[in-house]
Amino acid sequence: VQLQASGGGLVQAGGSLRLSCAYSGRIFSSAVMAWFRQAPGKEREFVAAIRWGRRSTYYANAVKGRFTISGDHAENTVYLQMNSTKPEDTAVYYCTKGAGLGYAPADYNYWGQGTQVTVSS
């Protein structure tokens with residue numbers, strides 16, 4: 001069972017990028033899928049989460065209105081659409097799966113390998 005993140009890359013400020021994260025197992029409706037990010041020298045921080053069954057979404061203030069998290073139930077894949085990107089969005093982005101909603105890395109059980117996002121000014 002693993003999480004495979006992809007879609008990172010280099011984008012100019014103001015541009016868009018879509019990250020994908022495929023989960024190799026089944027995602028139960030009670031699970032929460034989330035994205036975190038970690039910039040060099042900083043702690044890993046919450047970006048967005050989605051309750052798999054209800055499809056309700058949650059965002060960090062820093063990305064609210066610019067990023068959108070969504071899920072494809074048929075493909076067991078979660079997406080992070082990043083619009084109006086800023087240089088401060090530069091980080092390694094990680095997808096993760098947990099049993100319930102949380103805003104700390106310790107709240108989640110399974111982690112993908114991360115994908116680098118670099119936003120140039």
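Buried means under 20% relative accessible area, exposed over 50%, and partly exposed in between, using a 1.4 Å probe and protein chains only. The model is predicted, so local features need pLDDT of at least 70 and side-chain atom pairs count only at pLDDT 80 or more, while totals for chains, interfaces and linings use all residues. Residues are numbered from 1 along each chain as its sequence is written, and side-chain values use heavy atoms, leaving out hydrogens and water.

**Exercise 1.** Find the disulfide, a pair of cysteine sulfur atoms within 2.5 Å, and describe its setting.

*Solution.*
- Start with the count: the structure holds one disulfide.
- Next, the partners: the sulfur atoms of Cys21 and Cys95 are 2.0 Å apart.
- Then locate them, taking strands as DSSP runs (E, at least two residues) numbered from the N terminus. Cys21 belongs to strand 3 (residues 17-23) and Cys95 to strand 9 (residues 91-98), so the pair ties together parts 74 residues apart in sequence.
- Now the handedness: the S-S torsion of Cys21 and Cys95 is about 55°, so the disulfide is right-handed.
- Finally, accessibility: Cys21 and Cys95 are both buried.

**Exercise 2.** Work out the strand order of the open sheet, given that two strands pair if DSSP finds at least two bridges between them.

*Solution.*
- Write down the order: four strands run 1-3-8-7, with antiparallel pairing.
- Look at the edges: strand 1 (3-6) and strand 7 (67-72) each have a single partner strand, so one side of each lacks a neighbour in the sheet.
- Zoom in on one pair: strand 3 and strand 8 (residues 77-82) are joined antiparallel over six bridges.
- Pick out a residue: Leu17 sits opposite Met82 of strand 8.

Key. Pairing = 2+ DSSP bridges.
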